[in-house]
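Visitor: Please take me through this structure. I would like to know what each term rests on.

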Amino acid sequence: MERSKALRSSVALLPLAAIALALFSGCNRQAQHAPDVWAVVDGKEIKRDEVDKYYRTRVNPEGQEPSEEEALSLKLNVLDELIYNEILMERAKKLNLEASDGEVEDKFTETKSPYTEEEFQRHLKEQGMTVDDVKQNLRRELSIQKLLNREVVSKITISDQEVTDFYNANKAQFNVAEPTYHLAQIKVTPRKDPQIRNRKNDDATNEAEAQRKIKMLVDRLNSGADFAQLAMDYSEDMNTASTGGDLGFVPESALNSQQVDPSLKRAVLALKPGQVSPPITARDQDGMSYHILRLIAREAPGQRSLSEPQVQQNIRDTLRSRKEQLLRSAYLAVARDEAQVTNYLAEQVIESAGKLPGAAKTYMPPRSTGH
């Protein structure tokens, strides 16, 4: 009797289970996103056209077309950046750190300043961007910078003991064997470069634009603008723009290298510490470029003492940079762990074993030839 009741109860539960399963499946179907949604971050969709838009700014339309694998790899990188941007932007909003309209307009005006209106519009067209896109990017950049300044940079401290310990562990680094020049530079080229990594993604694409840009930079420097900030915003040297144009300590023997244009050497030797050079036209491996150099310090040969302010400042800058990089990486990792992220593009790449022709093809608008 008991067994019969139990059997009837089990049978009675089956329809309920089937209904529940059907409802659950229906919810899953409703949660499915359109094919052009490549990622979802805390419910916010990131679509293919947004990835394609930023992908176009990373690829030279006049260069060789990337292979399918190269295109997908770059798109995955772009998508990952957009995912992090969305996560950090939401955090900035929650902490009331979102950039104001006034701050965005000020930055937008500064961004446009090196260009005529015609050049600016052509620049937007080449990158497939609109004014609203630019302002949205500026708002995100300013907001994320505010967030990281509060959550990362403000937490960094360097003690005197840390400075002493670093010096004692790296004394050989402060033993200068020959005259050495601590240099920084702002570089401008009259060529389009898809690898530009300055904060404004600013790139002169012809001789006229390069000359106007150099003149603007000289005027800004003469008006008291900070060299490092201008380098981060406008320098077209992908290796040094992010560090304010800092070339580090260059030994005198390196200036005699055949790879260094003699005009650069003459400019360095003529500078006094703290001085900025006039624009220098010099040839490098990619062709002619314009350079503005700043001599931060000149060091004679010999062992540098920890008591020297320059030594202490160099050590503090090094330690601060290391800590900022570490804390930033940790902060980003925690932020991503706490977010709900689904990367559909990555899933499709895995499922198709890297074969995803549709995602690899991106419309590249023809480059304007107007002047």
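This is a predicted model: local features need pLDDT of at least 70, side-chain atom pairs count only at pLDDT 80 or more; totals for chains, interfaces and linings use all residues.

Visitor: Is Asp-237 buried or exposed, and what is its nearest side chain of opposite charge?

Guide: Asp-237 is buried, a word used under 20% relative accessible area, whereas exposed means over 50% and partly exposed in between (1.4 Å probe, protein chains only). Its nearest side chain of opposite charge is Lys-187, 5.5 Å away. For charge, Lys and Arg count as positive and Asp and Glu as negative, while His and the chain ends are not counted.

Visitor: What does the side chain of Asp-237 have a polar contact with, at 2.8 Å?

Guide: The partner at 2.8 Å is the side chain of Gln-185, and a second polar contact, of 3.0 Å, joins Asp-237 to the side chain of Thr-240. A polar contact is a pair of N or O atoms within 3.5 Å; within protein, one must be able to donate a hydrogen and the other to accept it, and residues adjacent in sequence count only if both atoms are side-chain atoms. Both distances, 2.8 Å and 3.0 Å, meet that limit.

Visitor: Which residues does Asp-237 touch, not counting those up to four places away in sequence?

Guide: Asp-237 touches Gln-185 and Lys-187, where contact means heavy atoms within 4.5 Å. Asp-237 itself is in the loop between α9 (227–234) and β5 (246–251). Helices (H or I, at least four residues) and strands (E, at least two) are DSSP runs, numbered from the N terminus; the chain has 14 helices and nine strands.

Visitor: Which residues lie nearest the centre of the second largest pocket?

Guide: They are Gln-185, Lys-187, Asp-237, Asp-284 and His-291, out of 28 lining residues. Elements that each supply at least two residues of this lining include β4 (180–188), β6 (280–284) and β7 (287–299). The pocket has a volume of about 790 Å³.

Visitor: What makes one space a pocket and another a cavity?

Guide: On a 1 Å grid over the protein atoms alone, a cavity is a set of points where a 1.4 Å probe fits but cannot get out, and a pocket is an open set with protein on both sides within 12 Å along at least five of seven lines; lining residues have an atom within 4 Å of a point. Grid points are joined across faces, edges and corners, and a volume is the space filled by probe spheres set on the points. The structure holds three cavities of 30 Å³ or more. The second largest cavity has a volume of about 40 Å³, and its lining includes Pro-114, Tyr-115 and Lys-213.

Visitor: How many salt bridges does a search of the whole structure find?

Guide: The search finds 23. In one of them, Arg-48 and Asp-52 meet at 3.3 Å, N to O. The two are four residues apart in helix α2 (residues 48–58), so about one helical turn separates them. Arg-48 has a relative accessible area of 24% and is therefore partly exposed, while Asp-52, at 8%, is buried.

Visitor: Which residue meets Asp-133 in a salt bridge?

Guide: The partner is Lys-53, at 3.1 Å, N to O. This pair links distant parts of the chain, 80 residues apart, with Asp-133 in helix α6 (residues 131–151) and Lys-53 in helix α2. At 12% relative accessible area, Asp-133 is buried.

Visitor: Why are Arg-91 and Glu-338 said to tie parts of the chain together?

Guide: Their side chains form a salt bridge of 2.4 Å, N to O. Arg-91 lies in helix α3 (residues 68–94) and Glu-338 in helix α12 (residues 309–338), so the linked parts are 247 residues apart in sequence. Glu-338 is called exposed because its relative accessible area is 57%.

Visitor: Why is Asn-96 called exposed?

Guide: Its relative accessibility is 71%, so Asn-96 is over the 50% limit. Asn-96 lies in the loop between α3 and α4 (101–112), and its phi is near 55 degrees, a positive value in a residue other than glycine.

Terms used: Residues are numbered from 1 along each chain as its sequence is written. Side-chain values use heavy atoms; hydrogens and water are left out. A salt bridge is a side-chain nitrogen of Lys or Arg within 4 Å of a carboxyl oxygen of Asp or Glu.
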